[in-house]
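Dear colleague,

I am handing over the structure we spoke about, and I would be grateful if you could look through it alongside the notes that follow.

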Amino acid sequence: MKTIEYRHRYQHMYVAARYSGARHLISVAVIGLVVTGALLVYCVPLATTRDWLVVPTTLTLASFVEYWMHRGPMHHPTRGLRAVHERHGRRHHRYFAPDAMTFQNARDLHAVLFPPVLIIFFAAIATILGAVLALIWGAAAGGLFAATVIGYYLAYETLHLFYHLAERVPGRRWRWLAFLSRHHQLHHDPRDMLSCNFNLVFPIFDWLFGTLRTSAAMDPRTGERGRAGAIGQDSPDRVS
Ligand SMILES: [Zn+2]
Ligand SMILES: [Zn+2]
């Protein structure tokens with residue numbers, strides 16, 4: 001099935017007529033920014049140099065969790081997390097093929113962004129863990145931890161959305177963003193999606209675990225490395 005046909009099928013099967021991409025985007029952004037902003041207003045005036053060490057530590061931890069989730073449950077059926085695999089490995093990867101990475105209208109946001117309820121879930125988990133850290137380390141450290149986790153989630157959603165925007169969008173050609181966009185496009189190659197480029201925000205764990213790829217996979221028909229944009233459409237369902 002071609003990508004365009006799959007998109008029609010997806011919209012028919014999974015997206016309600018009343019769905020609004022703008023409302024989806026705004027609700028994720030508002031929830032994330034309000035919670036992160038409130039935490040920062042509370043903890044920044046209290047934070048000592050020692051408390052700020054929580055930020056790089058949390059960013060590294062969040063990058064590892066992102067890598068682990070993407071390499072594992074998002075691409076392999078896992079007990080208790082099958083919906084995550086269904087939504088990402090089977091649907092998102094079919095909706096956006098390497099030669100059809102960009103979305104065409106606001107309803108396509110349904111296939112890019114996580115459901116709004118997920119940021120509420122993440123904010124609740126981050127706040128609970130932050131409260132535990134506050135008891136051990138101090139209130140400012142706990143607040144900075146929770147704000148960094150939610151900020152990382154927002155960065156993931158923003159960058160992933162950016163990778164699926166049209167090439168002409170301002171910033172797509174900036175060197176680092178162009179690298180990250182290409183990094184994600186290569187991951188969308190059905191031949192490579194189980195083996196490379198699992199980080200979307202900072203590719204540090206792809207680099208550390210040897211799964212960083214910067215050029216397209218070998219074409220089995222020609223024995224040559226092909227363009228990521230010249231690949232078949234149906235593999236995600238077969239591989240998953
Ligand atoms: Zn993926
Ligand atoms: Zn994607």
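Which helices each supply at least two residues of the lining of the largest pocket? They are α4 (54–71), α5 (82–95), α6 (116–136) and α7 (139–163), where helices (H or I, at least four residues) and strands (E, at least two) are DSSP runs numbered from the N terminus.

Some conventions come before the rest. This is a predicted model, in which local features need pLDDT of at least 70 and side-chain atom pairs count only at pLDDT 80 or more, while totals for chains, interfaces and linings use all residues. Residues are numbered from 1 along each chain as its sequence is written, chains are lettered from A and ligands numbered from 1 in the order in which they are written, and side-chain values use heavy atoms, with hydrogens and water left out.

Pockets

The largest pocket has a volume of about 920 Å³ and is lined by 35 residues, of which M69, F114, L118, F122 and Y153 lie nearest its centre. A pocket here is an open set of points on a 1 Å grid over the protein atoms alone, where a 1.4 Å probe fits, with protein on both sides within 12 Å along at least five of seven lines, and lining residues have an atom within 4 Å of a point. Grid points are joined across faces, edges and corners, and the volume is the space filled by probe spheres set on the points. The lining of the largest pocket comprises 25 nonpolar, five polar and five charged residues, with Ala, Val, Leu, Ile, Met, Phe, Trp, Tyr, Cys and Pro counted as nonpolar, Asp, Glu, Lys and Arg as charged, and the others, Gly among them, as polar.

For the second largest pocket the volume is about 210 Å³, and its lining has four nonpolar, three polar and four charged residues. Helix α8 (residues 175–187) gives the largest share of that lining, four residues.

Zinc sites

The zinc ion (ligand 1) is coordinated through NE2 of H70, H75, H88, H93 and H187, at 2.0 to 2.3 Å; donors are N, O and S atoms within 2.8 Å of the metal (3.2 Å for Na, K and Ca), and water is not among the atoms, so sites may look incomplete. Since H70 lies in helix α4 and H187 in helix α8, the pair ties together parts that are 117 residues apart in sequence.

The zinc ion (ligand 2) is coordinated through NE2 of H92, H160, H164, H184 and H188, at 2.1 to 2.3 Å. Here H160 lies in helix α7 and H184 in helix α8, so this pair ties together parts that are 24 residues apart in sequence.

Helix packing

Helices α7 and α8 pack at an angle of about 80 degrees, with their axes 9 Å apart; axes are lines fitted to C-alpha atoms, for helices over the stretch in contact, and angles run from 0 to 180 degrees between N-to-C directions. The two are therefore roughly perpendicular to each other, given that angles under 35 degrees count as roughly parallel, over 145 as roughly antiparallel, 65 to 115 as roughly perpendicular and the rest as oblique. In their contact (heavy atoms within 4.5 Å), L159, H160, F162 and Y163 of α7 meet L177, L180, S181 and H184 of α8.

With kind regards
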